[in-house]
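Let's take a look at the charged side-chain pairs in this one. Here's the model first.

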Amino acid sequence: MPLRFFNTYSRKLEDFTPRDAKNRKIDIYTCGPTVYSRAHIGNFRAYIFEDLLQRHLEARGFKIHRVMNITDVDDKTIRGAREAKVPLQKFTQQFKDAFFEDAEKLRIKRADDYPAATDQRYIEKMISMISALIAKGLAYQADDKSVYFRINKFPNYGKLAHFDLTELRSTGRVKHDEYDKEHIGDFALWKAWDEEDGDVKWDSPWGPGRPGWHIECSAMATALLGDQIDIHCGGVDNIFPHHEAEIAQSEGVTGKQFVRMWLHCAHLLVDGQKMSKSLGNFYTIPDVLAKGYTGREIRYALIRVNYRTQLNFTWDGMKEARESLGRIDDWLQRLREVAGDKKGNPKIDIQLGHEFEEALDDDLNISAALGFLFETIRDTNRAMDQNKLDAKTAVAWLNWWDQINKVLDFESDGAELPEEVAKLAEARAQARLAKDFRKSDELRDKLNALGWEARDTKDGQKITRRAGA
RNA sequence: GGCGGGGUAGCCAAGUGGUAAGGCUGCGGUCUGCAAAACCGCUAUUCGCGGGUUCGAUUCCCGCCCCCGCCUCCA
């Protein structure tokens, strides 16, 4: 089956081939965080989806160049900096740091570039793009000194979101500068400075001001990836207006198709409602870590449902993630024991099936891919129970795991036995030798309380960590 | 009102025009000093509701109901 994805633009599953298919290069642009507060786990669901996309394409032999922007100037960052009485740069830096810290916890691979909207280089690019749009009649400066995109001059405006502009109406959530704009749907390319902006301003041919939100992505994407890019990702809430505006700006300037494949991630819900900052119903990564869960458990919980399906975040879901990972951990431990000293031999290989990667080829069908993994786990566990799995086959499965784990990144970091745990375990082993089961059961309870589990097997006592990294 | 996504067992969730993957939970069994893990078995005659097409539909078509999202802050 060919690689295929659901393209938001056509609303269809489409076979995907990159522009540079010969060299197997793919350019991906992903909308990153606005650093006005700590990102929540709903935001990270989108970044994990993008991570899965990148890793699967890499597993398929593509060379990925991924860019993720950092929006470090907009209404909210300016307001936040004002309220905190610190310079904008200082205000946003703390949330940039937090973003990278959280992303690392979730094992999200770093993008190749993290351009920031306030970088002088991109400000200049934005200004030159806006100038080009004005020259083409696609933008105008209004009486309020701001520059707006003239959507009536761009016939494709609305194609991505499938909106009929005559139907476009305000929800009244945002104040409109209706007196100044030609059309209610015209969006700001350059926002003229006003007092509330304080010292946040850049010079431009239209006077001091700052970029509109949408133009930064058009500028940074084309600056780093060229006029055309293969895949552009984001959350569904970015479809309109943000990505619609990006198309208008970029194609308005270049005259070329901006993006070949638009992929959008559905929202993370909590209590059946969208998780969002404005509703206040959100959790951050530290919030979930504080409940005793680990980054990889959060990763599992957020990755396990197809990106186009809304996913309801629950603590039961976190529990399920923990138990499922535990099943994988135990399976790997058993395989390693069977593999013995042959483990790590990459030359051993057998026919193992390709359902995992084929499922991911189909619009990242992670549920089917994980289904195959768990079927494999049951089959090989059964074989090991019956002593029918030889060391060579165990090694082959471990090698297979190494491959799919490059995509999943689920493997436990392993944990050193703390001295206290090791002592309790040793005491328990002695008690069992002496058949002092009362004492050994007490020690087992103590180990459990510390998050470790004692299992008695025919090869003696085994200590495993039940939860965590 | 317009535009999307979705309604599959207690929960989460794949899936196909031919009779329902997988995970979690629960119950019974094998194993065990007892457990745990693992394995075996049981847990949807049925896929929101009503029609239609078909030899046959959860899967295609029509209508309806419900949930969530977007309609210029949003991943």
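What follows is a short tour of the salt bridges, with a few pairs picked out.

## Ground rules

This is a predicted model, so to speak of local features takes a pLDDT of at least 70, side-chain atom pairs count only at pLDDT 80 or more, and totals for chains, interfaces and linings use all residues. Residues are numbered from 1 along each chain as its sequence is written, chains are lettered from A and ligands numbered from 1 in the order in which they are written, and side-chain values use heavy atoms, with hydrogens and water left out.

## Salt bridges across the sequence

There are 32 salt bridges in the structure, each being a side-chain nitrogen of Lys or Arg within 4 Å of a carboxyl oxygen of Asp or Glu. One of them pairs Arg-4 with Asp-362, with 2.8 Å between the closest N and O atoms. Arg-4 sits in strand E1 (residues 4-7) and Asp-362 in the loop between helix H10 (355-361) and helix H11 (366-385), so this pair ties together parts 358 residues apart in sequence. Helices (H or I, at least four residues) and strands (E, at least two) are DSSP runs, numbered from the N terminus.

Arg-4 is partly exposed, at 26% relative accessibility. Buried means under 20% relative accessible area, exposed over 50%, and partly exposed in between (1.4 Å probe, protein chains only).

Arg-19 is partly exposed at 34%, while Asp-27 is buried at 15%.

## A buried network

Within helix H1 (residues 41-59), Arg-55 and Asp-51 lie four residues apart, about one turn of the helix. Their side chains meet in a salt bridge at 2.9 Å, N to O, and both residues are buried. Shared partners link Asp-51, Arg-55, Arg-107, Arg-299, Asp-409 and Asp-413 into one salt-bridge network.
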